[in-house]
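Subject: Structure handover

Hello,

Here is the structure I said I would pass on. My notes on what turned up in it follow below.

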Amino acid sequence: MSDVWLAIALAGAGTFAMRASFLAAANHLGEVPPWASRVLRQIPPAALAAIILPALVRPEGTFDLFQPRLAAGILAALIAWWTRSVLATLVLGLAGVTVLEAVWPT
Amino acid sequence: MTEQGSPPSPPPHTSEWRAGARAAAPLLAAVVPFGLVAGATPAAAGFGVAAAVGMSTFVFAGASQLAMTDVLAGGGSALVAAMAAWVINLRMLLYSASLAPFLTHEPLRRRLAVAYLTVDQNYALAISHWGPRTRPADGSFMIGAGILLGVAWVASTAIGAALGTTMPEELPLDFAVPLVFLVLLVPALVTAPAVAASVAGGGVAVASAGAGFGPWSVMAGAMAGIAVGTVVDWLGSAPGATPDEPAEEVDPGE
């Protein structure tokens with residue numbers, strides 16, 4: 001039991017340190033040079049895609065293009081593009097994956 | 001600025017708090033189901049409601065909480081569990097670096113509040129709210145969004161832990177997470193560097209997961225995506241379109 005709390009304390013402290021790293025030192029940042037802001041603005045698409053794509057093409061831990069999650073993900077991406085709506089994407093995406101997982105031939 | 005009459009104008013931060021909370025509100029539809037899972041999983045492993053809530057309060061990063069639960073439930077030590085969480089959360093370093101230039105003028109305690117509340121969702125919301133140019137921004141937007149997400153996260157974890165394993169397993173609730181990130185990513189895919197960064201980021205993440213990088217694969221993908229996006233961005237903006245570069249597939253339109 002105390003092992004769990006020790007793990008929580010360590011994981012929490014380390015994660016907060018990572019979150020705080022640059023933010024804590026932000027007052028020492030001068031003007032951000034153009035090359036740095038060029039690097040920094042790549043972070044959102046790079047990081048988000050690195051989280052999303054494995055969830056779509058390796059849902060069971062092995063690479064597989066012919067399964068419901070990739071199909072539902074493509075559907076959801078199109079809905080996200082057209083509607084820009086979180087709710088529409090979530091509802092239709094979750095409904096899509098539920099239906100597809102039910103009918104997908106295995 | 002020109003409001004009718006002169007009602008007592010709200011404190012300067014209040015409207016940004018509200019804007020942040022309003023922007024984050026639709027994301028609750030994904031945060032709550034994921035929170036239920038993040039609560040039910042450690043409860044099912046026998047760690048109790050308090051530990052589940054403690055994880056959500058102090059770690060506040062769903063994927064890493066599931067990973068550390070996995071390690072602990074498998075008999076791994078506290079240090080190994082924490083290391084699994086750290087690796088998954090390495091992207092927070094990137095988020096911190098990306099947010100810092102906007103908040104240089106904010107006092108330390110507000111920057112630390114932003115740091116504690118930084119998660120994928122409000123990070124992506126804040127960057128698109130403040131950007132694309134780096135400028136002094138009001139951290140309240142991210143704090144407002146973060147408090148709403150955090151309260152919902154901790155509360156749904158507690159409920160999930162209390163319900164335990166009674167949640168129907170066939171509901172694909174975990175799929176809500178990539179769906180939300182899709183909504184945050186897709187509108188940004190209108191520039192060549194963003195497309196290149198996400199193709200490389202996603203591709204390398206998938207390839208390195210396949211090569212056995214495990215929890216490192218997200219960070220590997222993110223770093224590759226940043227590198228490729230930076231190069232494409234630099235090539236696209238270089239004056240004279242870099243005549244010394246071998247031209248490939250010249251776009252007749254441009």
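This is a predicted model: local features need pLDDT of at least 70, side-chain atom pairs count only at pLDDT 80 or more; totals for chains, interfaces and linings use all residues.

Backbone points

A:Arg84 has a positive phi of about 55° and is not a glycine. A:Arg84 counts as exposed, because it has 12 C-beta neighbours inside 10 Å and the cut-off for exposed is 12 or fewer.

In chain B, a positive phi near 55° also turns up at B:Phe60, again a residue other than glycine. B:Phe60 belongs to the loop between α3 (48–58) and α4 of chain B. Is B:Phe60 buried or exposed? B:Phe60 is buried, since 24 other C-beta atoms lie within 10 Å.

There is a cis peptide bond between B:Gly131 and B:Pro132, with omega about 0°. B:Pro132 is in the loop that runs between α8 (120–130) and α9 (140–163) of chain B.

Contact between the chains

The contact involves 62 residues of chain A and 80 residues of chain B. On the side of chain A that touches chain B, two or more residues come from each of α1 (2–24), α2 (34–40), α3 (43–57), α4 (68–83) and α5 (86–103) of chain A. The most is given by α1(A), with 19 residues. By type, the residues on this side of chain A are 43 nonpolar, 11 polar and eight charged.

One helix pair across the contact is α1(A) with α4 (residues 62–73) of chain B. Their axes come within 11 Å and cross at roughly 145°, and the crossing is right-handed. From α1(A), the residues that meet α4(B) are A:Asp3, A:Val4, A:Ala7, A:Ala11 and A:Thr15; their partners in α4(B) are B:Ser64, B:Met68 and B:Leu72. Five residues of this helix contact are nonpolar, two are polar and one is charged.

Domains of chain B

How many residues of domain 1 of chain B are in contact with domain 2 of chain B? Nine, and they touch eight residues of domain 2. On the domain 1 side, α5 (78–88) and α6 (91–99) of chain B each supply at least two residues. α5(B) gives the most to that side, with three residues. The residues on the domain 1 side divide into eight nonpolar, no polar and one charged.

Helix α11 of chain B

Helix α11 of chain B covers residues 192–210. From first C-alpha to last, this helix of 19 residues reaches 27 Å, close to the 27 Å expected at 1.5 Å a residue. Of its 19 residues, 14 are buried, so α11(B) is largely enclosed by the rest of the structure. After α11(B) comes B:Gly212, which has a positive phi near 90°.

Regards

Terms used
Residues are numbered from 1 along each chain as its sequence is written. Chains are lettered from A and ligands numbered from 1 in the order in which they are written. Two residues are in contact if their C-beta atoms, placed from the backbone, lie within 7 Å. Helices (H or I, at least four residues) and strands (E, at least two) are DSSP runs, numbered from the N terminus. Ala, Val, Leu, Ile, Met, Phe, Trp, Tyr, Cys and Pro count as nonpolar, Asp, Glu, Lys and Arg as charged, and the others, Gly among them, as polar. Axes are lines fitted to C-alpha atoms, for helices over the stretch in contact, and angles run from 0 to 180 degrees between N-to-C directions. A crossing is left-handed if the near helix is turned anticlockwise from the far one by less than a right angle, and right-handed if clockwise. The expected span of a helix is 1.5 Å times one less than its number of residues. A residue is buried if 20 or more other C-beta atoms lie within 10 Å of its own, exposed if 12 or fewer, and partly exposed in between; C-beta atoms are placed from the backbone.
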